[in-house]
Amino acid sequence: MTILVTGAAGFIGMHCTLRLLARGEAVIGIDNLNDYYPVSLKQDRIAHVEKAGGDFRFIQCDFADHAALEAALDGVEFDRIIHLGAQAGVRYSIENPRAYAQSNLLGHLNMLELGRHRGSRHLVYASSSSVYGSNDSLPFRVEDRVDHPVSLYAATKKADELMSETYAHLYRLPQTGLRFFTVYGPWGRPDMALWLFTDAILKGRPIQVFNGGEMRRDFTYIDDIVTGVIAALDRAPADDGVEKAGGSHGPHAVYNIGNHRSEELTTLIATIEAACGKPAIRDLKPMQPGDVRETFADISAIQRDLGFHPTTSIAEGVPRFVDWFRAYHGI
C-alpha cells in the first residue's frame, strides 16, 4: 500500500521518501512549499526525488487547511502516514507565533483526523528534543517530565504528543512520536547552524557563536534519522494495554532519536573548519531566547524496541555535508 509523507519537500521528508522509494514503496508526498526558507531548495529536493525514480506523486497542499487537505486527498488511497511537516525553528517561533499554532497545532489535529477517518494502520509523527526545555537531567529520557518548554515551538510539539495520546486512547489509532535531536546532513535546512557556519566560513564572513560557544548538542546524521523513522514505521505499537515508551498504555509510543553523543559547539566548528579548509571568524553572542545550553539523547528505549543504532559521527557527517554544500552551490 501507499505511504503518505507530509513535509515531503523538507529535509527529513525528502530523505525518508527516497528511502521508501528505494525499497519499492509507493509514496504520496504533500507540502505547502512555504517561504520560511527559500522555496527553490524545497523545489530542488522534490526534483531530486522525482529524478531518483519510483512510484512517487507530489501534491502541493497546506495540511493545516482541512478543506484543502480533504480535497487534495479525495480518492487517494494510503494505509500509513509519516507526518513530518511542521513550522520549524525555535527562534522564529518568537517572531511569528501564529505560524506555529496554525501548522503545528491545527495541522497536527488535521492529520490525526485524517488517520482516524482513513483507518490508518500507523501514524509516525515528528516531535522534537526541544520538548525537554529547561530539563537539566542528562541524558534526556522519554520518561522525564517535559512540562517546562522554553519556546513556543517546543510547546507546540509537546501539545502534539498530548493530542496523539488522546487519539490513541479514544480511537485506538496506532502512533509513534519521534523526538528528533539536531538533525544535519546533505540537503539540510538553511536556518541550522551547520549550514550557516559552512556558508559563512567559505565566504570569509564571521559566524555568530551564541553563549560564547558554551553549548552542546546531540548532532544526528540524516541517514541515521531515516533509519529510525523507517524502523518506527514498520513496527506500530500494539494495542495490548502494555506500557509503551513514553508511558502510554494505548497504541502510542514516544522515542528519542539521536546520536547519544553530546558534542561541544566548538568541536562542531572545528570540524567544519577542517572540512572547509578555512578558519572561522568568530562573533561571540549571548544566549538567544528559547535556546538551551545542552541536549543529549538517551536512546535506550528505541534501541530496545526498534533496534536503532546510530552509526555516523560528526567527523564523518560534517565533511559529507560540506561536500554536498559545495556541489549544490557550485563552490
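In which hand, left or right, does helix H7 pass helix H11 where the two cross? In this predicted model, H7 passes H11 in a right-handed crossing.

**Helix H7 and helix H11**
- The axes of H7 and H11, the latter made of residues 314-329, come within 11 Å and cross at roughly 60°, and H7 and H11 are therefore oblique to each other.
- On the H7 side of this meeting are Leu194, Trp195, Thr198, Asp199 and Leu202, while the H11 side is made up of Val318, Phe321, Val322, Trp324, Phe325, Arg326 and His329.

**Helix H7 and helix H9**
- H7, which covers residues 193-203, also packs with H9, which covers residues 265-276; their axes come within 10 Å and cross at roughly 45°, and these two helices are therefore oblique to each other.
- Here too the crossing is right-handed, with H7 passing H9.
- The H7 residues Leu194, Phe197, Thr198, Ile201 and Leu202 meet Leu265, Leu268, Ile269, Ile272, Glu273 and Cys276 in H9.
- In general, an α-helix has 3.6 residues a turn, so residues three or four places apart point the same way.

**Helix H8**
- H8 runs over residues 222-233, and its 12 residues reach 16 Å from the first C-alpha to the last, which is close to the 16 Å expected at 1.5 Å a residue.
- This helix is mostly covered, since nine of its 12 residues are buried; among them are Ile222, Asp224, Ile225 and Val226, and also Gly228, Val229, Ile230, Ala232 and Leu233.

**Gln87 in its loop**
- Gln87 lies in the loop between strand S4 (80-83) and helix H4 (92-95), and this residue is buried, with a relative accessible area of 7%.
- Leaving aside residues up to four places away in sequence, Gln87 touches Asn34, Tyr36, Tyr92, Ala99, Tyr100, Ser103, Asn104 and Tyr153.

**Cysteines and disulfides**
- When a disulfide is taken as a pair of cysteine sulfur atoms within 2.5 Å, the count comes to zero disulfides.
- Why is Cys16 too far from Cys61 for a bond? The sulfur of Cys16 is 19 Å from the closest cysteine sulfur, which belongs to Cys61, and that is too far for a bond.
- Cys61 is likewise in no disulfide, as the nearest cysteine sulfur, that of Cys16, is 19 Å away.
- Both residues are buried: Cys16 has 0% relative accessibility, and Cys61 has a relative accessible area of 7%.

Key:
Residues numbered from 1 in each chain as written. Predicted model: local features only at pLDDT ≥ 70, side-chain atom pairs only at ≥ 80, totals over all residues. Heavy atoms only, no water. Helix = DSSP H or I, 4+ residues; strand = E, 2+ residues; numbered from the N terminus. Expected span 1.5 Å × (residues − 1). Buried < 20%, exposed > 50% of the residue type's maximum accessible area, 1.4 Å probe, protein only. Contact = heavy atoms within 4.5 Å. Axes fitted to C-alpha atoms, helices over the stretch in contact; angles between N-to-C directions. Parallel < 35°, antiparallel > 145°, perpendicular 65-115°, else oblique. Left-handed = near helix turned anticlockwise from the far one by under 90°.
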